Amino acid sequence: MTAAPRDVGPIPAADCIWSGWYAWRPVFPSDDAGPFWLEALWHRRHPVTGRWEYRTFRSEAEKLRETSERAF
């Protein structure tokens, strides 16, 4: 277990490990631009703050390819 803010309580260690998640609501990953919604990404509880964090773990090449394929 890790320390957490008093109002959150102890955070289970399993929640602090990145795990796959389907974004059923808009979220803003820390390693990507713009919201992700209705797609797969990774999430975890931050071990210190207790807040949920979201990441895509996409490479720069994947981000560039997705941007170039986007219809404007």
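Modeller: A residue is called buried when its relative accessible area is under 20%, exposed when it is over 50%, and partly exposed in between, using a 1.4 Å probe and protein chains only. By that rule L38, with a relative accessible area of 49%, is partly exposed. The structure is a predicted model, in which local features need pLDDT of at least 70 and side-chain atom pairs count only at pLDDT 80 or more, while totals for chains, interfaces and linings use all residues. Residues are numbered from 1 along each chain as its sequence is written, and side-chain values use heavy atoms, with hydrogens and water left out.

Biologist: Where does L38 lie, and which residues form the nonpolar patch on the surface?

Modeller: Patches are made of residues with over 30% relative accessible area and no salt bridge, where nonpolar side chains (Val, Leu, Ile, Met, Phe, Trp, Tyr) are joined within 5 Å and like charges within 9 Å. Here Y22, W24, W37 and L38 form such a nonpolar patch, and together they have about 530 Å² of accessible area, computed by the Shrake-Rupley method with a 1.4 Å probe. L38 itself lies in the loop between β1 (19-22) and β2 (40-45), strands being DSSP runs of E with at least two residues, and helices runs of H or I with at least four, numbered from the N terminus.

Biologist: Which residues make up the largest nonpolar core?

Modeller: A nonpolar core is a set of buried Ala, Val, Leu, Ile, Met, Phe, Trp, Tyr and Cys residues joined through side-chain atoms within 4.5 Å. The largest one here has six residues, namely W21, A23, V27, F36, L41 and Y54. Contact means heavy atoms within 4.5 Å, and, leaving aside residues up to four places away in sequence, L41 touches several residues, including W21, F36, Y54 and R55.

Biologist: How many salt bridges does the structure hold?

Modeller: A salt bridge is a side-chain nitrogen of Lys or Arg within 4 Å of a carboxyl oxygen of Asp or Glu, and the structure holds five. In one of them R55 pairs with D31, the closest N and O atoms being 3.5 Å apart. This pair links distant parts of the chain, with R55 in strand β3 (residues 52-55) and D31 in the loop between β1 and β2, 24 residues apart.

Biologist: Is D31 buried or exposed, and what of R55?

Modeller: D31 is buried, at a relative accessible area of 17%, whereas R55 is partly exposed, at 25%. In another salt bridge, E53 pairs with R44, with the closest N and O atoms 2.6 Å apart.
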